[in-house]
Amino acid sequence: MSGIPPYAGALERTWYYGFRVFCGLVFLFLILPILVIIPLSFNSEPYFTFTQGMLSLDPEAFSLRWYRDIIDNDQWLHSMKNSFIIGFFATIVATVLGTMAALGLSRPFMPYRNIIMMLLISPMIVPIIISAAAMFFFYSKVNLTGTYLGIILSHAVLGTPFVVITVTATLSSFDQSLIRAAASLGSAPTRTFFTVTLPLILPGVISGALFAFITSFDEVVMVLFLASFEQRTIPRQMWSGLREQISPTILAVATLLVFLSICLLTVLELLRRRSERLRGLSPQ
Amino acid sequence: MAVTATTPTADDIMLDASGMPLKQALAIAERNKRRKALIMALPLLAFILVSFIFPIIQMLFRSIDNPAIHDNIPNLSREIQDWDERAIPDEALFAILADDLRAAGKLKNQGKVATRLNYDITGSRSMITQTARKLKKKTEGPYKDWFIGLNEKWGEMRTWVALKKASQKYTASFYLNSIDMRYSETGKIVAQPEERQIYLTLFWRTFYISIAITLICVFLAYPISFLMATLPVRTSNMLMILVLLPFWTSLLVRTTSWIVLLQTQGTLNDLMVYFGFIDDENRIQMIYNMTGTIVAMSHILLPFMVLPLYSVMKTIPPSYMRAARSLGANQAYAFYKIYLPLTIPGVAAGSILVFILSVGYYITPALVGGRTGQLISNFIAFHMQKSLNWGLAAALGGVLLAAILLIYLAYNRIIGIDKMKMG
């Protein structure tokens, strides 16, 4: 459908180019807000706008002072450390439990599949404020508020649906006869899992894990309700920055986060290509 | 499973290697497989049930639970239920109240009673605390005239009707409150006074903002999904990055960008002033109001619309459209008759997803919504953190959750929850 057919009339031509322009604008709408903060984070003035100097590309108008601000600020460094620690452990919990559940759910003999699936996906559907309020009451009762364990568990709950969804989707194209083949060759089920199943579904597991990680890394409401000052994460720090003293340091942090998401996106893209290649080789 | 080649006759039951009837052996094998599959899903199921589903049920219980008065002045709470609401109670009930309040005062629980009654009758907080304080000195009756002399509200019917209702173990008053109703002074269900009717407006606002965001997302996502589905794979993969990068970028970052772009001293206003569309004095307020909420949320939720739409459109063979055109349909008619119906499942999936997510949205409205862009979640947070009216927070949450579960069930019925895909 690329290009206009030679028989197209004037109206069709106008429509064709108008359509493309509209699409271009939508893509700009998607990407521009994210790109605009990158140059602004190098602003040497404490403003959120482009100064005259920046527009005329005056090197004086650009500086790294907001990045220096992050490094000099113990709170930001502490919250970065927290974000990675909490994200890491929440991802481990979510990935292990989610992958196991997905393996069970994709077996042909799984009973009550639909209702179990609905329960497992529900953390993604229930509004975050309700989840956070409910967990706040529950965690205060079992003394988990204001602890790392509490935050990690709550983030793991939020991350599991993504793992379940991605791994189940990967398993739907997994050739179950490979398991029977391995069994017929005398392999024990655990060995089959680690040498046959896992390598084949690994892209799905990793992308599920990345989803779980970014869910935790980006989460602020649970932290607002459950964490004490000690467990502040980057989004929590940005939250109070945006609500209280708004400073361009936030833009510098935001820029760093954009680069992090570019890295994650690249990893995902490579995984997708790998699994496409593997699928191309498989006999189906 | 042993397979035999012979056809069984009526009295010839097939046996497996160990001599068990084949049918029975098969049933056992299938049961084992079912159990194994269930065991694998069990750890996560248990984890979700204990740390997610159970807390939510427990929280929803708070929306009908009403322990503050019932537990702290128990004797009065029991006896008052027999009071006939015709006249101010007699000395006996006042004496029970005095004993109960004195006991509550010793345990420093009179504040809880006062706060709870204050939800129903404004200004009754001081009445309770004052009475409890004075009761420390007064050890003997008669109480009735003393109470009324202390605070004339004790001589009003509405105080006692409210106390009777508020001292029941379970209450519907939080739910009534969440839909702008209340118990009147005579115990009937009536509408809240005009100036306190906020929640129905809020539910309605949440609903139409979410509908608006869903429509905007369909309007923006449909063309670009179509473009990506029809372009060569290499180009469409490049364009897909433009969709996925926002999807993977932190919500806080995207909200920050919109603040930067839309605020009165922001980039967009600067541009419009520069090109002379508006004066420097008349910069447009585009954020910290409903516009800000709608724009920022549409941007944040757009990928959730594009991804399901794209995956549906990719499966539609382009030859269908060419066939329609070769049969004489013009572009618009072929699109309307052929392409559009085929993409409806994708539109439905994306719309329901976007709608569910936006109905429960909290962070973005809280940061860029100002006063007019607040949604129901923001008020739940307010009652959780500021007013500490947890019963009302739970009731509002219950209504919201019920609405979302209905849509979720519809989604499951129409599309199937296991068809959901990410990225």
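Which helix gives the largest share of the lining of the second largest pocket? We will get there at the second stop; first, a word on the model.

This is a predicted model, in which local features need pLDDT of at least 70, side-chain atom pairs count only at pLDDT 80 or more, and totals for chains, interfaces and linings use all residues. Residues are numbered from 1 along each chain as its sequence is written, chains are lettered from A in the order in which they are written, and side-chain values use heavy atoms, without hydrogens and water.

**Stop 1: the two chains together**

Colour chains A and B separately. Here 89 residues of chain A are in contact with 93 residues of chain B (contact means heavy atoms within 4.5 Å). The chains bury about 8,600 Å² between them, 83% of it on carbon and sulfur atoms; buried area is the accessible area (1.4 Å probe) that two parts lose on being put together, summed over both. The count of salt bridges between chain A and chain B is zero (a side-chain nitrogen of Lys or Arg within 4 Å of a carboxyl oxygen of Asp or Glu).

**Stop 2: the second largest pocket**

Select Arg107(A), Gln176(A), Ile179(A), Pro189(A) and Met40(B), the closest to the pocket's centre of the 33 residues that line it. About 1,100 Å³ of space lies in this pocket. On a 1 Å grid over the protein atoms alone, a pocket is an open set of points with protein on both sides within 12 Å along at least five of seven lines, a cavity is a set where a 1.4 Å probe fits but cannot get out, and lining residues have an atom within 4 Å of a point. The opening question is settled by α9(A), with 11 residues. Helices are DSSP runs (H or I, at least four residues), numbered from the N terminus.

**Stop 3: the largest cavity**

Now pick Phe162(A), Thr215(A), Leu251(B), Phe304(B) and Tyr361(B), which lie nearest the centre of the largest cavity among its 30 lining residues. Its volume is about 780 Å³, a volume being the space filled by probe spheres set on the grid points, joined across faces, edges and corners. By class, the lining has 24 nonpolar, three polar and three charged residues.

**Stop 4: the second largest cavity**

Finish with a cavity of about 70 Å³. Select its lining residues, including Ile214(A), Phe217(A), Trp248(B) and Ser250(B). Here α12(A) gives the most, with three residues.

Key: Nonpolar A, V, L, I, M, F, W, Y, C, P; charged D, E, K, R; others polar. Helix = DSSP H or I, 4+ residues; strand = E, 2+ residues; numbered from the N terminus.
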